[in-house]
Amino acid sequence: MKGNSNKPENSRRSFIKGTALAMTGFYIVPRHVLGGPGYVAPSDKLRVAGIGVGGMGYNDVSGVFRSGKADIVALCDVDDTRAKRSRDEHPKAAYYKDFRVMLEKEQNNIDAVTVSTPDHMHAVQAMMAMKMGKHVYVQKPLSHDIYEARMLTEAAEKYKVVTQMGNQGSSGDGVRKMVEWYNAGLIGEATKVYSWTNRPVWPQGIPWPTEAQTPPADLDWDLWLGTAPYRDYVGNLVPFNWRGWWDYGTGALGDMACHIMEPPFRVLGLGYPKSAECSVGSVYVGEFQRGYFPDSCPPSSHITLRFDMPGGRELEFHWMDGGIQPTRPEELEPNEVMGDGGNGVIIEGTAGKMMCSTYGIDPKLLPTSKTQYIQVPETEYRVPGGDRGHYNNWVEACIAGHGSEEYKRLSSPFSVAGPLTESVLMGNLAIRSYDYRVPRPGGNANQFDYPGRGIKLVWDGPNMKITNFEPANQFVKRTYREGFSL
């Protein structure tokens, strides 16, 4: 059967099978026996629909299909050209432009949905599918807003569906080895985490283009905007550079932090941060004239989150982007690469340090010579195929159903991905608060104060609220354009 149980269908199949046996007196040989080892009968395959099927969406649909345990029965994309490759490879799949129409028409034909659209559309698309009882695989970051991440996390349990975020490194062996090292006490109690990326690799810290253009004929611009406020189409936005604009993307943090911050989150069992603070790179447009581009994410930032840890300890968690990196640990030799060069993680403890690259790849104890001779028992479940098995990890859980053993082996269910995404987006809340401005009392029209700079934002995680700077709370939850809701 499919991932979510269908009792009438089960009863029908049992009746037919029982009647056939009674009438013929012959045993029916299961199709998986006739088909040989590894054969999956069509009736046992997961029926999947893809929302956003170009670019990364193509990879997601293909990854699910390559499991050999899923059929792609419907595809949806607002851009016909971007969708062409997926459509060509799955010619029997029904094709739609509006995800709402697809889900309504195909809800009896599908069991699960992949969501691989720009960040601002993740939540509404995943939520509609979950309310229909469909399992969902959602690209990182799980959502655009903190509120959306919380709602998706709660909905996954409410509707008893199988969920997975698309941070494939969470299925890799590297993060599991780091968990085992930490649990074995090799670095003592964690005190600091440093994580960094060389992204953004798209324009940020720039003004919104002033020249409107005509959308390409194959792109439904209004549907692409979705939940975001209406704007005229501009060039150099679709299909990639939307990441640098707050209405649609979540900057370098949203793009990479779910990959890079995930290992220390899993290793240390982190929950909600208790505070956030930041410094942000500036773009100057004249002498002593700092550019103000509130629509665009900044060119670089440094976020500091603080977490309460067992025993009354506090963990200091640093995120750096735009090429900013922490000071090299003294345990690294001069010619040894820190992380993978452009990205990485260092966890400092009371008795040592460990390091890894993007996705938790290539974990090392510091000094790195320790990695060669220190061995600890394998206690963590290994996903077959590692990070390449991330899709199969989800497909098998969907087929087995919510609460199954396969479900318990998920690498990034929303119960894990949701709190991680909330912490990631806390960094963006701090960045946007940094750029919040008000007219300076008694000043001229071009003078402003920035009360969100130079302060620490105190976070009430359970209630999703900044307690010491009210203007920051406007960035917890967006207002959607008419026609879209959770």
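How much space lies in the second largest cavity? About 60 Å³ of space lies there; the tour returns to that cavity at the end. This is a predicted model, in which local features need pLDDT of at least 70, side-chain atom pairs count only at pLDDT 80 or more, and totals for chains, interfaces and linings use all residues. Residues are numbered from 1 along each chain as its sequence is written, and side-chain values use heavy atoms, with hydrogens and water left out.

Strands (E, at least two residues) and helices (H or I, at least four) are DSSP runs numbered from the N terminus, and two strands pair if DSSP finds at least two bridges between them.

Next, select residues 46–51 and 112–115: these are β1 and β4, joined by four bridges. Ile51 has Val115 of β4 as its bridge partner.

**Two helices**

Select 146–158 and 414–434, which are α7 and α15; their axes come within 8 Å and cross at roughly 175°. Axes are lines fitted to C-alpha atoms, for helices over the stretch in contact, and angles run from 0 to 180 degrees between N-to-C directions. That makes α7 roughly antiparallel to α15, a term for angles over 145 degrees.

**The largest pocket**

Select Ser116, Thr117, Pro118, Trp242 and Arg243, which lie nearest the centre of the largest pocket among its 43 lining residues. On a 1 Å grid over the protein atoms alone, a pocket is an open set of points with protein on both sides within 12 Å along at least five of seven lines, a cavity is a set where a 1.4 Å probe fits but cannot get out, and lining residues have an atom within 4 Å of a point. The pocket's volume is about 770 Å³, a volume being the space filled by probe spheres set on the points, which are joined across faces, edges and corners. Helix α10 gives the most to this lining, with five residues.

**The cavities**

Select Gly281, Arg290, Gly291, Pro298 and Asp435 to find the centre of the largest cavity, which holds about 120 Å³ of space. For the second largest cavity, select Gln204, Ala252, Pro298, Asp321 and Ile431, nearest its centre among 13 lining residues. α10 supplies the largest share of that lining, three residues.

Methods: Parallel < 35°, antiparallel > 145°, perpendicular 65-115°, else oblique.
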